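Reader: Hi! I'm new to this one. Could you walk me through some of its helices?
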Amino acid sequence: MNAPVHHQTLVTPAHPKALASGQFKVTARDVDVYYGEKQAIKDLSIDIPDRSVSAFIGPSGCGKSTFLRCINRMNDTIPTCRVTGDIKVDGNDIYDPNIDVVQLRAKVGMVFQKPNPFPKSIYENVAYGPRIHGLATNKTELDEIVEKSLRKAGLWEEVKDRLQHPGTGLSGGQQQRLCIARAIAVNPEVILMDEPCSALDPIATARIEELIDELRQNYCIVIVTHSMQQAARVSQLTAFFHLGTLVEYGDTDEMFTAPQEKRTQDYITGRFG
Amino acid sequence: MFVWTVLLIVLMAVIAYWAGRTHAAGLVTAGGARLHSLPSYHGLFTAAGAMIGGLALAIAGALVFGAQSFFTPVAAVLGAAIGAAPLYARSSLDFRARNNFERIVLVLLIACSGVAILTTIGIVFSVLFETLVFFRSVSPIEFLFGTHWSPTGTPASFGFIPLLAGTLLITVIAIAVAGPLGLFSAIFMAEYASPRLRTFLKPVLEILAGIPTVVLGFFAALTVAPLIRGSGEAMGFSVASESALAAGLVMGMMIVPLISSLSDDIINAVPQTLRDGSYAMGATKSETIKKVVLPAALPGIVSAFMLAISRAVGETMIVVMAAGLAANLTANPLAAVTTITVQIATLLVGDQEFDSPKTLSAFALGFVLFFFTLVLNYIALRIVQKYREQYD
C-alpha cells in the first residue's frame with residue numbers, strides 16, 4: 001500500500017484481500033461537505049479498490065449518502081451544497097474545474113434508493129444513455145447494447161418480449177434492475193448504489209444482491225445500505241460512518257467479527273443507532 | 001320583513017342548538033351512562049331541523065301571504081319550532097346524532113354541486129331550444145356549410161363557415177404566439193430560474209392574466225392594429241385597419257400567462273428522481289429537459305394548450321374591437337375577419353325582437369361555440385387521464 005501519508009489518520013482496509021487484483025479506484029482526502037452552514041461530512045479520507053463491493057453503513061444522517069453522491073458530483077444539483085478536499089477517480093481530481101461532469105457521470109454511474117425508470121419504454125430506458133453519449137452508430141449496435149445491458153442486469157429473459165412496454169409497468173424489483181441495466185449501458189467503471197433495495201421485498205432484494213455479486217467482477221461498486229446483513233452478504237469491504245466521520249473502513253468479515261473501534265461494535269451489535 | 005325572517009330563523013337555530021345540547025348533556029348520569037355522540041352534535045342536529053323547518057314554512061308563508069306580510073316571519077318561527085321539536089325529542093343516550101348530522105351535511109354538499117350542474121344543463125337546453133327554433137326558418141345544412149354570412153342583408157344568409165374560419169384563424173395566430181412564449185418561459189421558470197427570480201417572475205406573469213380583456217381589446221385596436229398596418233404598408237402589403245393579425249397577437253399575449261403558469265406547475269410536478277436519474281447517466285441539463293422532463297410533462301402541457309385554445313375561441317372583447325365585423329372567408333392574416341363570438345355580440349346588442357332568424361342565429365352560433373369548446377375540453381381531459389399514470 002503506497003497511499004500518501006497524511007497528517008490525518010487515513011482509514012484504509014486493514015486486511016485488503018480485495019486489493020489483490022488492482023489499485024484504488026476512488027480515493028478521497030480530507031473531504032468536508034457542507035449543506036449551507038451545516039457540515040455533513042468532516043475530514044473524510046478513504047481508498048476504495050477496484051473490482052470489489054464496498055458497503056457504507058451507519059445510522060441515518062451520518063453522511064454516507066452524501067459522500068456517495070460526491071463521487072459522481074450529484075451534489076452539484078443541490079445549490080447549497082459545498083465540497084472541499086480531494087476526491088479522485090483513477091487519479092483524476094473530479095472537482096477540478098476543467099473536469100467535464102458529463103464525462104465523470106458516464107464513468108461513475110448511480111442507482112437510486114427508489115427505482116426511477118423514465119416514463120418511456122423498457123428499450124428506451126436502456127438506450128437513453130448510449131444515445132446521449134453517442135455510443136452506438138446505428139440501430140443494430142444500439143440493440144446489442146440494450147440486450148447486453150439487460151442481460152448483465154439479469155432482466156433480459158423477463159422483458160425480451162415486451163421491450164416496447166413502459167418501464168414503469170414493471171414490478172419494483174424489475175424496475176430497479178432496469179435502472180441498473182440503464183446505468184451499465186454507458187460502460188461505467190464505478191457504480192454507486194444508494195440503498196438500492198430499501199424499497200424492495202426480500203425476494204427482489206436477493207435477486208439484486210446476486211446481481212451485485214456478479215457485477216463485482218467488472219466494476220467498482222459502492223453501496224449504501226441500512227441493512228447490516230446486506231452489507232455482510234454483498235460486500236468485501238465495509239465502511240462505518242458516524243456523525244459525518246468515517247469511523248472505520250476494512251475487510252467486511254473482520255468488521256463484523258472483530259471491529260477495531262468501540263463505536264463500530266456498538267452499532268453492529270445494535271447498541272445504538 | 002325579509003331581514004326579520006332570516007334573523008328569526010338564525011335565532012331559532014341558535015336556540016335549538018343550545019336546547020338540544022343542554023338536553024343531551026343532561027342525559028349523562030354520573031354513574032356510567034354515556035352518550036353515543038357528543039352533546040354538541042345533538043345541538044347541531046336539532047339546529048339543522050330548526051333551519052330546514054323554518055326555511056320551508058317561511059317560503060310557504062311568503063307564497064301564501066306575500067313576502068311583506070307580517071305572517072311570514074311568524075311562519076318561519078313556527079316552522080323552526082316544528083322542525084326542531086321532533087329532533088329534540090329524539091335525542092337519547094344511544095341516538096346517533098353525529099352520524100345523522102353528518103348525513104345532513106353530505107346532502108348539503110351534494111345540493112351545492114348540484115346547483116352548478118343544473119345551471120349548466122339549464123343553459124345548454126335554453127340555447128338548444130332557441131337553436132331548434134332558428135333551424136325551423138334556416139336549414140341546418142345551409143347554416144353549417146354555407147359560405148356567406150350576412151344576417152341583416154336582403155335576402156339574409158346564414159352560412160357559418162366564414163365565422164368558423166375567422167375564429168380558427170385568430171386562434172391559430174394566438175396559439176402560435178402564446179405557445180412558444182408560454183412554454184419557453186415555463187421551462188425557464190421551472191428549470192433555470194433561481195428560486196428568488198421565480199417567486200418574482202411568476203406573479204408578474206400572472207398580472208398579465210389579470211388585465212381585463214376590454215383593456216387588451218382597445219390596446220389591440222388603437223396600438224397594435226395601426227402599428228401592423230403602418231409597418232405592413234411600409235413593406236408594401238395591403239393591410240386592413242382591423243386585421244386578424246392584430247387581434248391574434250394580442251389574444252396570444254392574453255393567454256401566455258395561462259400557458260406559462262400551468263406548464264410551470266406541471267413541469268415542477270415531474271419528480272426530481274427522474275431528473276437525478278438522467279443527470280446520473282451523464283446527461284446535460286438541456287438533454288434532461290428535452291428527453292425526460294418534457295415528455296413526462298407532455299400530457300399536462302397538452303391540456304394547458306387545450307384550455308388556452310378554448311379560452312381563445314371563446315374570447316370576445318379583443319376581437320370585437322380589433323378584428324372587425326366583415327365576414328370574409330380568407331386565410332390571410334392581414335385581412336379583416338370576424339369570429340363567432342363577435343357576431344353573437346353584435347347580433348344581440350341593443351333592443352331586439354326574439355323571433356327573427358337574425359336574433360335566433362345568435363343562439364345557433366352560441367350552441368356551436370359551446371359544442372366546440374366542450375369537445376376541446378373533453379379531449380384535454382382524456383389526454384390527461386390517459387397519460388396521468390406515466391410517472392409515479
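Predicted model: local features only at pLDDT ≥ 70, side-chain atom pairs only at ≥ 80, totals over all residues.
Author: Happy to. In chain B, helix H10 (residues 272–280) packs with helix H11 (residues 285–314) at an angle of about 145°, their axes 10 Å apart. Axes here are lines fitted to C-alpha atoms over the stretch in contact, with angles from 0 to 180 degrees between N-to-C directions. Helices are DSSP runs (H or I, at least four residues), numbered from the N terminus.

Reader: Which residues in H10(B) and H11(B) meet?
Author: Leu274(B), Arg275(B), Ser278(B) and Tyr279(B) of H10(B) meet Lys285(B), Thr288(B), Val292(B), Val293(B) and Ala296(B) of H11(B). Contact means heavy atoms within 4.5 Å.

Reader: New topic: how many residues has H1(B)?
Author: Helix H1 (residues 2–27) of chain B has 26 residues. H1(B) reaches 38 Å from its first C-alpha to its last, close to the 38 Å expected at 1.5 Å a residue (1.5 Å times one less than the number of residues).

Reader: Which residues of H1(B) are buried?
Author: Thr5(B), Ile9(B), Met12(B), Ala13(B), Ala16(B), Gly20(B) and Ala24(B). Buried means under 20% relative accessible area, with a 1.4 Å probe and protein chains only.

Reader: And what do the buried residues of H1(B) pack against?
Author: They pack against helix H2 (39–65) and helix H3 (71–90) of chain B.

Key:
Residues numbered from 1 in each chain as written. Chains lettered and ligands numbered in written order. Heavy atoms only, no water. Helix = DSSP H or I, 4+ residues; strand = E, 2+ residues; numbered from the N terminus. Buried < 20%, exposed > 50% of the residue type's maximum accessible area, 1.4 Å probe, protein only.
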